[in-house]
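This report concerns salt bridges and strand pairing in a protein chain. Please consult the sequence and the structure shown here while reading.

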Amino acid sequence: MAVNVVESKEWYLAGYAAEGVPTTDHLTLRSVPLSLSLDSIPDAHVAVQLLFISVDPYLRTRMSGQEDGLYFPQFSLNQVITAFGVGRVMRSKDEKYSEGDIVLNAFFPVAEYCVVPSSVLIRKIDPEAGIPLPEYLSCLGVPGFAAWVGIEVLGEAKPGSNAFISAAAGGVGMVAGQLAKLKGCRVIGSTGSDAKVRLIKEEFGYDDAFNYNKEVDFDATLSKYFPNGIDIYLENVGSKMLEAVLNHVNPHARIPVCGMISQYNQIWTEREGVRNLLNIVGKEVRMEGFLVGSYLDRFADFTVEMEGYLKQGKISSKIKIYEGIQSFAESLGSLFSSSNFGKVVIEVNKPR
């Protein structure tokens with residue numbers, strides 16, 4: 001017998017966190033009744049059971065209460081938080097979607113169930129395609145797309161280029177390094193532990209890597225690993241690492257700026273500045289920030305290419321799965337731990 005009303009747990013923002021990692025002082029879990037009756041669903045809407053939710057660093061920047069840095073709109077207080085997710089259609093008032101369809105959406109509520117306009121759904125997912133559903137939030141999701149835009153579109157990776165990836169064991173970095181290798185680059189990564197150095201060399205094919213926590217002089221470190229200079233630097237960290245990179249870039253180097261995770265938990269007046277930006281002029285470096293939303297016209301190209309790599313076994317990933325919607329605050333905090341690696345995903349409900 002069809003269920004018409006469910007109690008859906010959801011996370012909302014109770015207070016902004018200007019500094020530090022948001023905790024349950026700022027994030028609150030509540031339970032709300034939700035009608036799944038077809039009569040209660042508006043036209044051109046679908047009722048969805050969430051299966052997986054993507055936990056990404058950019059979410060942190062929407063909880064500060066300040067419009068700076070990434071300039072994403074802030075989440076409203078007492079409103080449910082939204083994120084990329086994969087869900088199953090339970091009821092549909094749109095003929096393009098049927099019960100049982102697996103769908104991807106960039107703005108699912110961080111909840112167990114929801115009713116959303118069908119217009120916000122990005123695509124259907126074929127569960128028989130041989131690709132695990134969490135990969136649509138990893139290699140085929142925001143991290144993979146960010147890596148693809150950074151390495152292929154803005155980085156213009158080509159054979160023989162020297163590529164450097166910071167936060168190389170993270171959701172973006174693990175994909176970026178593999179993409180650069182597939183394009184024929186020599187790829188070096190920086191990570192926060194010896195275990196992650198081994199991971200990216202042994203499983204993701206990096207040519208070499210170093211643990212930045214063991215390095216006392218980044219300038220000397222980059223001299224060692226890049227005796228012939230840096231052609232592409234995918235920036236994920238900021239601060240002292242970026243400053244060191246600018247001393248080692250080659251003429252016409254490309255620096256796609258994906259993020260600066262070292263600064264997300266600080267107000268801007270407490271962040272460390274970069275003192276050698278003039279090098280960008282003298283070396284004619286192209287340093288460009290980007291948001292994946294500005295490249296959605298390339299998403300179909302990315303999807304075709306990445307699905308091919310995954311099916312051929314040319315790209316792999318590490319996904320850490322937290323169980324249950326109640327784990328959202330914990331999983332968000334884990335992104336800023338030096339022990340974190342790979343992509344963080346919440347399994348909300350078990351896929352059938």
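Two strands are taken to pair if DSSP finds at least two bridges between them. Helices (H or I, at least four residues) and strands (E, at least two) are DSSP runs, numbered from the N terminus. The model is a predicted one, in which local features need pLDDT of at least 70 and side-chain atom pairs count only at pLDDT 80 or more, while totals for chains, interfaces and linings use all residues. Residues are numbered from 1 along each chain as its sequence is written, and side-chain values use heavy atoms, with hydrogens and water left out.

**Strand pairing**

Strand 9 (residues 186-191) and strand 10 run parallel and are joined by 4 bridges. Within this pairing, Thr191 has Asn211 of strand 10 as its bridge partner. Between the two strands the chain passes through helix 4, and this β-α-β crossover is right-handed; that is, with the strands pointing away from the viewer, the path from the first strand over the helix to the second runs clockwise.

**Salt bridges**

Side chains of opposite charge can pair when their charged atoms come close. A salt bridge is counted here when a side-chain nitrogen of Lys or Arg lies within 4 Å of a carboxyl oxygen of Asp or Glu. By this rule the model holds 19 salt bridges. Three of them are listed below.

| Salt bridge | N to O distance |
|---|---|
| Asp56 and Lys343 | 3.2 Å |
| Arg123 and Glu307 | 3.3 Å |
| Lys318 and Glu203 | 3.4 Å |

Arg123 is partly exposed, at a relative accessible area of 21%, whereas Glu307 is buried, at 17%.

Lys318 is found in the loop between helix 8 and strand 14 (319-323), and Glu203 in the loop between helix 4 (194-202) and strand 10 (208-211), so this pair links parts that are 115 residues apart in sequence. Lys318 is partly exposed at 29% relative accessibility, and Glu203 is partly exposed at 41%.

Notes
Buried means under 20% relative accessible area, exposed over 50%, partly exposed in between (1.4 Å probe, protein chains only).
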